[in-house]
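Me: I would like to go through this structure with you. Shall we begin with the ligand site and then move on to other regions?

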Amino acid sequence: MSIHKEVKKVTTNTLLKMKANGEKISMLTAYDFSFAKIFDAAGIDVLLVGDSAGNVIAGYETTVPVTLEQMIYHAQCVVRGVSRCLVVVDMPFGTYQSNSDIAVASAIRIMKETGGHSVKLEGGEEVIESIKKIVSAGIPVMGHLGLTPQSIYKFGTYNVRAKEELEAEKLKHDIKLLEAAGCFAVVLEKIPAALAKEVTASVSIPTIGIGAGGDCDGQVLVMHDMLGINSEFKPRFLRQYLNLEKQIDVAVKQYVADVKSNDFPNESESY
Ligand code: KIV
């Protein structure tokens, strides 16, 4: 008899079936064991070990400095907390853009060293050789189009992408390339809802939106944003489900007061 509880794991095939059946996909970022465990138990379908770790964990201004070692560490922590979710691990800047051999070597390291189930990388035609090679190695790939934060210095701002015809046409072309290359899903970040609706209908693989309207096949948010840990960040697309920053502030102030007043620990909290 197995000591492991039987759970129906989410796979890349599950996501394809969910799209075909019109069932929406829920995805959240996670960077550590404790939150991954809570999110997995709460019924999230996909956990993304995002390179947004660079912003919300490390405090960098952009995701550009994030390293493969850092992503591997976060992914290892998340995987230990998961029993049901599909875990997607972001490939950080510099680990797949320059050459498809480096890309496949980076993806193999992520898979072997973390136990994650798939990788995500940003871009369309420019990185298609890398995607093909990673998929050929048997590693599931999630694409990422629209606002691709690793290219922030090319874009100059985090504004909505593909509002102009030329960029919208490129995105329509790119998503077809990603589908043909074998991606199992694509994140669409900060693009007009009408464009997201059109490209979602044009492919058989699921689209996961963030700031891309309600017609994507699923939605993703950064956990710190939706839990209100970083309450200064309030983009239009964000729904904040908690104000954890405020709640933590109240709790920590109370703890400080209790320690200072010698109220904590009391007798029942002592041995
Ligand atoms: O790194 C990340 O958190 C992401 C999401 C914003 C999709 O790529």
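Me: How far is an oxygen atom of the ligand from an N or O atom in the side chain of serine 52?

Reply: The distance is 2.5 Å between an oxygen atom of the ligand and an N or O atom in the serine 52 side chain. It qualifies as a polar contact, that is, a pair of N or O atoms within 3.5 Å; within protein, one atom must be able to donate a hydrogen and the other to accept it, and residues adjacent in sequence count only if both atoms are side-chain atoms. Please note that this is a predicted model, in which local features need pLDDT of at least 70 and side-chain atom pairs count only at pLDDT 80 or more, while totals for chains, interfaces and linings use all residues. Residues are numbered from 1 along each chain as its sequence is written, and side-chain values use heavy atoms, with hydrogens and water left out.

Me: What are the corresponding distances for aspartate 51 and lysine 120?

Reply: For aspartate 51, a side-chain N or O atom is 3.0 Å from a ligand oxygen. For lysine 120, the value is 2.9 Å. The ligand alone exposes 260 Å², of which the protein buries 95%; these areas come from the Shrake-Rupley method with a 1.4 Å probe, and for residues only the protein chains shown count as cover.

Me: Which residues are around the ligand?

Reply: Among them are Thr29, Leu48, Gly50, Asp90, His144, Glu189 and Val222.

Me: Is isoleucine 139 buried or exposed?

Reply: Isoleucine 139 counts as buried because its relative accessibility is 6%; buried means under 20% relative accessible area, exposed over 50%, and partly exposed in between (1.4 Å probe, protein chains only). It is located in the loop between helix 6 (128-136) and strand 5 (141-146). Leaving aside neighbours within four places in sequence, isoleucine 139 is in contact (heavy atoms within 4.5 Å) with Ala107, Ile108, Met111, Val119 and Ile134.

Me: And lysine 234, is it buried or exposed?

Reply: Lysine 234 counts as exposed, because its relative accessibility is 59%. A polar atom of its side chain lies 3.2 Å from the backbone oxygen of serine 231.

Me: Which residues does a cis peptide bond join?

Reply: The cis bond joins phenylalanine 264 and proline 265, with omega about -5°. Proline 265 lies in the segment after helix 11.

Notes: A residue is near a molecule or strand if one of its heavy atoms lies within 4 Å of it. Helices (H or I, at least four residues) and strands (E, at least two) are DSSP runs, numbered from the N terminus.
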